[in-house]
Amino acid sequence: MPSQMILPITNHHPSHSLLEKPNSTSDDDPITTTTNSLLFEDEKTISIKPLLPRTLSYTNTTTTTTTTTSTTYYQQRRRRIASENSLSSLSSSAPDRRNSFGHNVGHAAAETFLITRLSLKLLRYLGVGYKWITRFLALSCYSFLLFPGFFQVGYYYFFSSQVRRSIVYGDQPRNRLDLYLPKNNDGPKPVVAFVTGGAWIIGYKAWGCLLGQQLSERDILVACIDYRNFPQGTMSDMVKDASQGISFVCNNIAEYGGDPDRIYLMGQSAGAHIAACTLVEQAINEAGEGESTSWSVSQIKAYFGLSGGYNLFKLVDYFHSRGLYRSIFLSIMEGEKSLERFSPEVVVQNPNIRNAVSLLPPIILFHGTADYSIPSDASKSFAETLQRVGVKAESILFEGKTHTDLFLQDPMRGGRDEMFEDLVGIIHAGDADAIAKDAVAPPRRRLVPEFMLQLARRVSPF
């Protein structure tokens with residue numbers, strides 16, 4: 001029998017191809033290209049072999065092609081995986097000593113993002129009209145002029161070992177507080193639980209960093225309490241958060257070196273209002289006219305209010321003229337019917353809660369006479385009302401001081417600060433050792449040049 005040659009099976013109709021399915025990959029597919037190439041090479045080899053059955057010949061060719069293709073594919077894949085593993089190994093070889101610094105930088109970035117978001121939120125809810133655009137520009141200039149001080153305070157906040165940030169005191173996202181610990185740990189320290197301001201919208205615990213740093217240098221432990229802001233929460237939520245934060249301080253501060261028998265409550269601006277509402281509400285609860293809580297008014301040695309407002313009926317129209325529009329303010333305060341509840345000056349005059357009022361600690365109110373964010377009459381009127389109902393209270397007014405002078409410009413100026421010295425003197429009263437140390441304490445260093453402080457005071461939107 002004459003020898004025969006097995007010819008390749010070809011078909012020019014893609015719908016009947018034995019090697020490809022309809023709509024298969026294009027000729028650029030590396031696997032398809034390799035398979036076709038190997039198949040035709042086998043055909044050339046078969047042409048010089050002895051006669052074989054047609055079926056067996058095709059089966060053998062296909063098996064050889066598949067094996068070769070698989071081997072080539074997996075070799076390429078192993079090389080690619082090995083390359084990826086090498087890159088992964090290189091990236092994981094960074095020194096561990098960078099982890100701590102990276103964590104701090106990441107935390108700083110997160111805090112900066114939050115601050116920016118809060119600022120934008122303020123503009124959103126107060127209306128971005130001409131008045132607020134000019135206020136925002138003034139705020140930008142003000143922040144720029146005080147930036148040397150903000151930078152130094154921010155560095156201390158993020159990197160000082162004396163600061164314990166974001167300690168959890170409750171189950172809400174903003175239920176955190178910062179602790180500023182004195183370097184000297186020779187005994188229990190007096191404690192200031194501080195509620196920061198922020199127009200009930202942009203309040204944040206880090207705003208108390210400058211005060212916390214400077215008080216801790218005088219052996220006073222400071223706890224800056226964060227709370228939910230509008231619109232995340234309304235006034236009752238803010239009071240609830242502040243109460244939980246104060247409760248945490250009263251019940252846990254001994255673990256951080258604080259003296260639970262010397263706790264002072266303090267608030268600034270909107271924070272002063274929130275803290276005062278919290279204190280009055282707690283007194284009412286303790287007098288048996290409300291729900292009890294886990295801390296007592298008797299644990300608070302005194303209350304300090306800095307540039308606060310305490311009678312909302314007198315302030316709602318004033319705030320509206322300043323840009324905190326009535327509709328928004330009433331939303332924060334849960335409607336016009338709630339203005340009385342959240343006006344401590346009005347509440348303490350209720351004859352039905354005389355027992356509760358008698359539980360209030362001494363109240364000291366600081367205010368600048370040139371404050372046009374909240375007029376100084378707010379503190380003066382509240383102190384007089386408290387005195388009439390039998391509470392030990394006084395207002396200390398600082399001539400010519402604005403809303404931010406007492407809290408920012410004066411502390412950044414360095415040297416002697418009258419309000420700060422009054423505050424420390426009251427806290428250290430009766431402690432001979434602390435008073436002796438205060439007498440020889442070095443003057444606070446200047447953080448911002450005087451000409452920049454003066455310009456910041458002129459452009460301040462507060």
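Some ground rules before the residues. Numbering starts from 1 along each chain as its sequence is written, and side-chain values use heavy atoms, with hydrogens and water left out. Because the model is predicted, local features need pLDDT of at least 70 and side-chain atom pairs count only at pLDDT 80 or more, while totals for chains, interfaces and linings use all residues.

The overall picture, then. The chain has 17 helices and eight strands; these are DSSP runs, H or I of at least four residues for helices and E of at least two for strands, numbered from the N terminus. Of the 462 residues, 46% are buried. Buried here means under 20% relative accessible area, exposed means over 50%, and partly exposed is in between, with a 1.4 Å probe and protein chains only. The accessible surface is about 23900 Å², and carbon and sulfur atoms account for 56% of that; areas come from the Shrake-Rupley method with a 1.4 Å probe, and for residues only the protein chains shown count as cover. Taking contacts between residues at least 6 apart in sequence, 76% join residues at least 24 apart, where contact means heavy atoms within 4.5 Å.

Now the stretch around helix α6, residues 209–216. Gln213 lies in this helix and is buried, at 13% relative accessibility. Outside four places either way in sequence, Gln213 contacts Val153, Tyr156 and Tyr180.

The loops on either side of α6 hold two backbone points. Most residues other than glycine have a negative phi, and most peptide bonds are trans. Trp200, in the loop between β3 (189–195) and α6, has a positive phi, near 65°. Asp219, in the loop between α6 and β4, also has phi near 65°. Trp200 is buried at 5% relative accessibility, and Asp219 is buried at 15%.

Further along, which peptide bond is cis, with omega near 10°? The bond from Phe230 to Pro231. Pro231 sits in the loop between β4 (221–225) and α7 (235–252).

Ile133 is in helix α4 (residues 130–145) and is partly exposed, at 43%.

Last, salt bridges, meaning a side-chain nitrogen of Lys or Arg within 4 Å of a carboxyl oxygen of Asp or Glu. The count is 23. One of them pairs Asp237 with Arg228, closest N and O atoms 3.9 Å apart; Asp237 is partly exposed at 21%, whereas Arg228 is buried at 9%.

Another pairs Arg341 with Glu281 at 3.7 Å between the closest N and O atoms. That pair links distant parts of the chain, 60 residues apart: Arg341 is in the loop between α10 (326–332) and α11 (344–347), and Glu281 is in helix α8 (residues 270–289). Arg341 is partly exposed at 45%, as is Glu281 at 31%.

Glu336 and Arg326 form a further bridge, closest N and O atoms 3.5 Å apart. Glu336 is in the loop between α10 and α11, and Arg326 is in helix α10. Both are partly exposed, Glu336 at 49% and Arg326 at 28%.
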